[in-house]
Amino acid sequence: MAGVAKPLSAVLLCSLLLLSTSTAMIHGKKMRLASSNRPCKRLVFYFHDIIYNGKNAKNATSAIVGAPAWGNRTILAGQSHFGDLAVFDDPVTLDNNLHSTPVGRAQGFYFYDRKDVFTAWLGFSFVFNSTEHRGSINFAGADPLMNKTRDISVIGGTGDFFMSRGIATLMTDAFEGEVYFRLRVDIKLYECWKKA
C-alpha cells in the first residue's frame, strides 16, 4: 500500500503543477490564468430595472412573463411576489444616473422564490458594448432582497472576461415602489485569463 501512495502523490503533484500553469488558445491567442488570493480585477456598475406595470410600455426594461394563478402579468403578486418570473434588458451604467450613457445591458431573468420572505433568484449577463469593455460577464444565484448587501456568483464570461470567475456583491441602491429599482454591482474576479 505504501508503494502505491508515492506514485499517486507524484501524479497528483504533477497535476496540480499543470493546473497552476494552465494555458489556453482563444482565437489564436495564447492565454494564461492569473490567480491569487486577491481579486485580479474589480469593477463597479449599476443597472436600472423599470418593470412594466400596464402603463409604461415605452420606458419598461423588464416584464412579468410568468405569474401564479392569483397574480397577473402587470401587477406583482402579493406581498412577497412569490411565483412571479420577470425577464429584463436593463441599461448598465458606470454611475447611478439612469440617464448616463450605458456601457452595456443587463439581460436575464429573476423570479421570486419564497412565499414567506421577500427573496429572488437571478440568472443574467452583463453584455458590454463600450470601447473599454467587450464581451460579457455571467451571474447566477440567490438574492435575499431584504439584506443590505448580498453575494452572487460570477460563473463565466466572454471576450475581455473569458472564463472569469468570482463574486458580485449586490446592493439595492434605489427603488421607487414596485416600478423601478437600481442595483449597485461590485464585481470581484478571482479567475482572470490574460494574454500570455
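Is Arg105 buried, partly exposed or exposed, and what is its relative accessibility? At 27% relative accessibility, Arg105 counts as partly exposed, where buried means under 20% relative accessible area, exposed means over 50%, and partly exposed lies in between, computed with a 1.4 Å probe and protein chains only. The model is predicted, so local features need pLDDT of at least 70 and side-chain atom pairs count only at pLDDT 80 or more, while totals for chains, interfaces and linings use all residues. Residues are numbered from 1 along each chain as its sequence is written, and side-chain values use heavy atoms, with hydrogens and water left out.

**Overall make-up**

- The secondary structure of the protein chain comes to one helix and 11 strands, these elements being DSSP runs numbered from the N terminus, with helices (H or I) of at least four residues and strands (E) of at least two.
- Read from the N terminus, the order of elements is α-β-β-β-β-β-β-β-β-β-β-β.
- The protein chain has 196 residues, of which 37% count as buried.
- Its accessible surface comes to about 11,400 Å², with 58% belonging to carbon and sulfur atoms; such areas come from the Shrake-Rupley method with a 1.4 Å probe, and for residues only the protein chains shown count as cover.
- Among contacts in the protein chain with a separation of 6 or more, 48% are between residues 24 or more positions apart, a contact meaning heavy atoms within 4.5 Å.

**Salt bridges**

- The structure holds five salt bridges, each defined as a side-chain nitrogen of Lys or Arg within 4 Å of a carboxyl oxygen of Asp or Glu.
- One of them joins the side chains of Arg105 and Asp89 at 3.1 Å, N to O, and this pair links distant parts of the chain, with Arg105 in strand β6 and Asp89 in strand β5, 16 residues apart.

- Arg182 is found in strand β11, which covers residues 180–195, and it is classed as buried because its relative accessible area is 12%.
- Leaving aside neighbours within four places in sequence, Arg182 is in contact with Tyr46, Phe47, His48, Asn96, Met171, Thr172, Asp173 and Ala174.
- Val185 is likewise found in strand β11, and it counts as buried because its relative accessible area is 0%.
- Not counting residues up to four places away in sequence, Val185 touches a set of residues that includes Leu43, Val44, Phe45 and Phe47, as well as Phe126 and Phe139.
- The C-alpha atoms of Val185 and Thr149 are separated by 9.8 Å, while the two residues are 36 residues apart along the chain.

**Strands β3 and β5**

- Strand β3, residues 41–50, is mostly covered, seven of its 10 residues being buried.
- Strand β3 pairs in the antiparallel sense with strand β5, residues 85–93, over two bridges, and two strands are taken to pair if DSSP finds at least two bridges between them.
- Tyr46, which is in contact with Arg182, has Thr93 in β5 as its bridge partner.

- Val65, Leu85, Val87 and Phe109 make a nonpolar surface patch of about 260 Å²; patches consist of residues with over 30% relative accessible area and no salt bridge, where like charges are joined within 9 Å and nonpolar side chains (Val, Leu, Ile, Met, Phe, Trp, Tyr) within 5 Å.
- Phe109 is found in strand β6, residues 104–112, and counts as partly exposed because its relative accessibility is 31%.
- Met163 lies in the loop between β9 (149–159) and β10 (165–176), and it has a positive phi of about 55 degrees although it is not a glycine.
- At 30% relative accessibility, Met163 counts as partly exposed.
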